[in-house]
Amino acid sequence: MKPLEFLGSSQDDIRAMPAAVRHALGEELMRVQFGAEPTDFKPMPSVGAGAYEVRVRDASGAFRAIYVAKFADAIYVLHAFQKKTQKTRKEDIELAAKRYRMIGGQP
């Protein structure tokens with residue numbers, strides 16, 4: 001099982017989410033740790049090669065966690081946020097891409 005590494009404020013951002021969302025994101029990330037795919041995700045090539053977005057929805061809205069699992073040492077959670085628009089905000093993508101570069105990833 002690969003360990004999770006939270007970059008920047010991503011862990012605090014997840015902790016600030018509603019309990020049901022935190023639980024669902026935790027289960028999805030645990031699936032990735034054990035080598036399985038999340039139940040609802042999509043690739044995020046605009047962040048970097050091998051980056052994915054886990055999608056969770058509940059009564060309070062849509063929530064996302066962007067991660068990359070292609071590195072041997074850990075699964076890196078780059079960014080976590082509540083999605084308030086149909087399209088992912090440019091600022092969220094840029095922040096995740098910046099953190100991706102911090103771990104040596106190439107966009």
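**Notebook: salt bridges and aromatic pairs**

I looked up Lys-90 and found a relative accessibility of 59%, so Lys-90 counts as exposed. The model is predicted.

I then looked for the partner of Lys-90, which is Glu-94, with the closest N and O atoms 3.7 Å apart in the salt bridge. Both residues lie in helix α3, 4 residues apart, about one turn of the helix. Glu-94 is partly exposed, at 42% relative accessible area. I also noted a network in which salt bridges with shared partners join Arg-89, Glu-91 and Asp-92.

Asp-92 is buried at 6%, whereas Arg-89 is partly exposed at 43%.

I searched the whole structure and recorded 6 salt bridges. One of them pairs Arg-64 with Glu-53, the closest N and O atoms being 3.5 Å apart. Arg-64 is in strand β4 and Glu-53 in strand β3 (residues 51–58), so this pair ties together parts 11 residues apart in sequence. Arg-64 is buried, with a relative accessible area of 9%, and Glu-53 is buried at 0%.

I turned to the aromatic rings and counted 4 aromatic pairs. Phe-71 and Tyr-76 are edge-to-face, 6.0 Å centre to centre with 80° between the planes. Phe-71 and Tyr-100 form a tilted pair at 6.4 Å and 50°. Phe-71 lies in the loop between β4 (61–68) and β5 (75–83) and Tyr-100 in helix α3 (residues 90–102), so the pair ties together parts 29 residues apart in sequence. Both Phe-71 and Tyr-100 are buried. Lastly, I noted that Phe-41, Tyr-52 and Tyr-67 form one aromatic cluster.

Definitions and conventions
Residues numbered from 1 in each chain as written. Predicted model: local features only at pLDDT ≥ 70, side-chain atom pairs only at ≥ 80, totals over all residues. Heavy atoms only, no water. Phe/Tyr/Trp six-rings, centres within 6.5 Å; stacked < 30°, edge-to-face > 60°. Helix = DSSP H or I, 4+ residues; strand = E, 2+ residues; numbered from the N terminus. Buried < 20%, exposed > 50% of the residue type's maximum accessible area, 1.4 Å probe, protein only. Salt bridge = Lys/Arg side-chain N within 4 Å of Asp/Glu carboxyl O.
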